[in-house]
Amino acid sequence: MNKKAWLLFFVLLLTVSTALFGCSSDDSSSDDGGSTGNDGGGDAAEETDGETQDTLVFGRGGDSVALDPITVTDGESFKVTKNIFETLVEFGEQDTDINPGLAEEWEVSEDGLTYTFMLRDGVTFHDGEAFNADAVVANFDRWANGTEDKFYYYKSMFGGFGDEEGHVIESVTAVDESTVEIKLKRPQAPFLKNIAMSPFAIVSPKALSEMSEDELAENPVGTGPFKFVEWRRNERIVLEKNEDYWNSEYPKVNQVIFRSIPENSARLNALMSGEIDLADGINPSDAPQIEGDDSLQLFERPSMNVGYLGLTVTREPFNDPKVRQAMNHAIDRQAIVDAFFEGRAEVAKNPMPPVIAGYNDDIEGYEYDPEKAKALLEEAGLGDGFDMELWAMPVPRPYMPDGQKVAEAIQSNLADVGINAEIVTYEWATYLEKARMGEADAFLLGWTGDNGDADNFLYVLLDQDNIGSNNYTYYENQEVHDLLIQAQSETDEDTRNQLYMEAQELIHQDAPWVPLAHSTPLLAGSANLQGFMPHPTGSDWLHTVYFE
Amino acid sequence: MNMLQYIIRRLLQLIPVLLGMTFIVFLIIRAIPGDPALVILGQQATEDAVAALRESLGLDEPWYVQYFQYLGNLLTGDLGESIRTRTPVNEEIWPYLATTFELSIFAIVIAVIVGVNAGIISAWFQNSWFDYTAMVLALVGVSMPIFWLGLMMQYQFSLQWDWFPTTGRENVRDPVNAITNLYLIDTLIQGRFDQFVVVLKHLVMPGIALATIPMAIIARMTRSSMLEVMKSDYIRTARAKGEKMFWVVYKHSLKNAIIPVLTVIGLQTGLLLGGAILTETIFGLPGVGRYIYEGISSRDYPVIQSGILIVAFIFVMINLIVDILYSVIDPRIRYN
């Protein structure tokens, strides 16, 4: 053969092999679609054609750390344990109100020190053990004898362990088979909200006594609607229907599989191709595309967070409330929400989101008004403006997708009123450390609620007790402090909410923050998915989900 | 010196190399700002909790004490325990390594077959349209951002044409029963040929994405090496004897041209093992790159140290194998 002929031969070879490759994969895809339903794409399509789909595949950004809920702090772990375990009382479907859980009813004594729980009958753990008062006591005993690095949330919600001074729980006793009595050392108003949190889920006492801590982390045994089947790290967590679940109506699907796909766009691609049925961590910029696609639906998770600009009140010139109010008037929050949250957030006016009981909706937020800001600066003797550092967080957070860009927008808003802000940033851990030390003039930060209680926002973030901890602005107001402390032991819900509303009013006037936004994280699912209700805490119930 | 002595000497040389690796990695990860205890417990942690965790992790010891403890454990085969998952690294690393092996081997096979042949044909038909096209493509390939390529492939081949699945290693609705964790082998052992095809289809897109850059580098290297050899006298002699052109190219020329190509292949294979992180991220594959990456973001020192150590070890071993292969292919090469 001559040179030309050889070249032709190679090109033909390449073309033919490509064609064969394409065809063969096409063939095999229809083949196993017909026989075993193996191909991801073919599978979903087939199931919608024929019988109803009964496996839910939930795609998310990361894997769980461990499945022993008391030992973990990350949302990806709670997402799974929420469906395997149950707590004494449960949050509402899409709020943080208190509903019956493993306890059907409860009574609180007049002084707020004794809680009596009447437990649900006929509940069994996945290992066949009966759920009763002893099981509850065994779990509380385990937690109370822990240490902070092991059971982080126990310390943070109940103040300590064993005999420690701060430990709020005095005793947990089984009165009879189905009654548990919890005695507190001092009243704790958010107590019920605390025990509704995912970490305080009841684990089978048999598992507790037979398994080591390491085994418990990988072999969860609870009472929930789904049983644990298998966990291959970073690949899949498989749960199956608990046939003996006390509420025989649920769960609706037979199997739930959690998959981790770290990249947001790739996760959306996997959803569109039918390999997964539900995806979290949807980019706000992808929302219009999903809304325009008939085979998909978009979910908004109710917000339980706040993103804010903190003004360190111990630093000049932010020690003057007028300057802080001027900052509030100078910044165009609506524009920030529209530009950097793609409108998927609510403009904030209070330090806590509206889903939380005690939210003061009567407060008028500071309107965007540069002229008013200038006037206030004039009154404060800073008519010529001033120089300041504006700290921007280096990492995207759920409450603020892009700190740098938000900072740039704020910078230009401030320039309009004569304030010259220089944007500063540090590595994340260093950033937190330095802000906590009060080294920033003004800093971007945020908070996601733990238990959906106002105390978890106002007291933790703005009380003088928490200066040097999570009160990064060093804001101090005795009146606010008195209200928040009183609210901690007030057991009457309405009176308590009233106290929080008053506190928000005072905080609003003192303006230690420029509250920016309450973001609503986005999820997407296939169109035939029904009964999914994203929960503000980020841990979703999946037993109500079914396919059409 | 014979071959065995050579290999032993090379293996002994490994020891200071790996020791140096552990030392550098150890120092570098401790230079990353951010206290691991604080990173693990998060924004809402109290100072007491951070202090207690530091103590239980042994982080309150001076760094050299930590280093020698780590070395001592290594000698007994203990790679340490992950801070985040509290599981020994030796136990949990294998599934990740297996994922990466499967992907890298698949990718390097594609890269070698396509790259070497494209290089040969380009050299053979130097300055033809095939040569130009192949070399332009190779240039594009070298500079292709894998991230973009991966997402475009998902869009075209999964969403538009439905040829391949977008992400993962398997169909999770019908999961593979892991034995060796190399799923192609596991499915064959269990006689699940349907699953074998599914696993293979999951490998195609990440494999091609990962192969792009090595493929381009190999093609360019092969072409330039072949061009040089084909100018030499013995090739002219072979052609003058009337030998078929195909044999002249694929037998006589390739044998002498392949040595530098082999070096590149060795280096690229090593790089794939540690450098598949982007591909693993886009295609949701639980490989060793992602294992180390997650270790870094949670300051999981044992995972980072041991993960990098293992990857470095494999890298050095592959290069040793390549060095040995030289003399197999070209008996003129002696090890002195």
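The model is predicted, so local features are given at pLDDT of at least 70 and side-chain atom pairs count only at pLDDT 80 or more, whereas totals for chains, interfaces and linings use all residues. Residues are numbered from 1 along each chain as its sequence is written, while chains are lettered from A and ligands numbered from 1 in the order in which they are written.

Chain B holds 14 helices and zero strands, where helices (H or I, at least four residues) and strands (E, at least two) are DSSP runs numbered from the N terminus. Its C-alpha trace spans about 85 × 60 × 40 Å along the principal axes. Of the 336 residues in chain B, 40% are buried, a residue being buried if 20 or more other C-beta atoms, placed from the backbone, lie within 10 Å of its own. Among contacts in chain B between residues at least 6 apart in sequence, 71% join residues at least 24 apart; two residues are in contact if their C-beta atoms, placed from the backbone, lie within 7 Å.

Two packed helices are described by the angle between their axes and the distance between the axes. The axes are lines fitted to C-alpha atoms, for helices over the stretch in contact, and the angles run from 0 to 180 degrees between N-to-C directions.

In chain B, helix α5 (residues 89-124) packs with helix α6 (residues 129-142) at an angle of about 140°, their axes lying 8 Å apart. The pair α5(B) and α6(B) is therefore oblique, given that angles under 35 degrees count as roughly parallel, over 145 as roughly antiparallel, 65 to 115 as roughly perpendicular and the rest as oblique. The contact brings Ala118(B), Ile121(B) and Ser122(B) of α5(B) together with Phe130(B), Asp131(B), Ala134(B) and Met135(B) of α6(B). By class, this contact of α5(B) with α6(B) has five nonpolar, one polar and one charged residues, with Ala, Val, Leu, Ile, Met, Phe, Trp, Tyr, Cys and Pro counted as nonpolar, Asp, Glu, Lys and Arg as charged, and the others, Gly among them, as polar.

Further along chain B, helix α7 (residues 146-160) and helix α9 (residues 193-230) pack at about 150°, with 10 Å between their axes, and α7(B) and α9(B) are therefore roughly antiparallel to each other. Here Ile146(B), Leu149(B), Gly150(B), Met153(B), Gln154(B) and Phe157(B) of α7(B) make the contact with Met205(B), Ala209(B) and Thr212(B) of α9(B). The residues of this contact between α7(B) and α9(B) divide into six nonpolar, three polar and no charged.

For helix α13 (residues 288-297) and helix α14 (residues 301-329) of chain B, the axes come within 8 Å and cross at roughly 150°, which makes α13(B) roughly antiparallel to α14(B). In this pair, Val288(B), Tyr291(B), Ile292(B), Gly295(B) and Ile296(B) of α13(B) meet Val303(B), Ile304(B), Gly307(B), Ile308(B) and Val311(B) of α14(B), and the contact of α13(B) with α14(B) comprises eight nonpolar, two polar and no charged residues.

In chain A, an unreviewed UniProt entry places the feature "domain: Solute-binding protein family" at residues 98-467; such annotations may be inferred rather than shown by experiment, and feature names are shortened, with positions given in the numbering used here. The span of residues 98-467 of chain A is 29% helix and 22% strand, and its end C-alpha atoms lie 30 Å apart. Helix α16 (residues 455-462) of chain A has eight of its eight residues buried, so it is largely enclosed by the rest of the structure. The cover over the buried residues of α16(A) includes β17 (442-448), α17 (478-489) and α18 (493-510) of chain A.

Key
A residue is buried if 20 or more other C-beta atoms lie within 10 Å of its own, exposed if 12 or fewer, and partly exposed in between; C-beta atoms are placed from the backbone.
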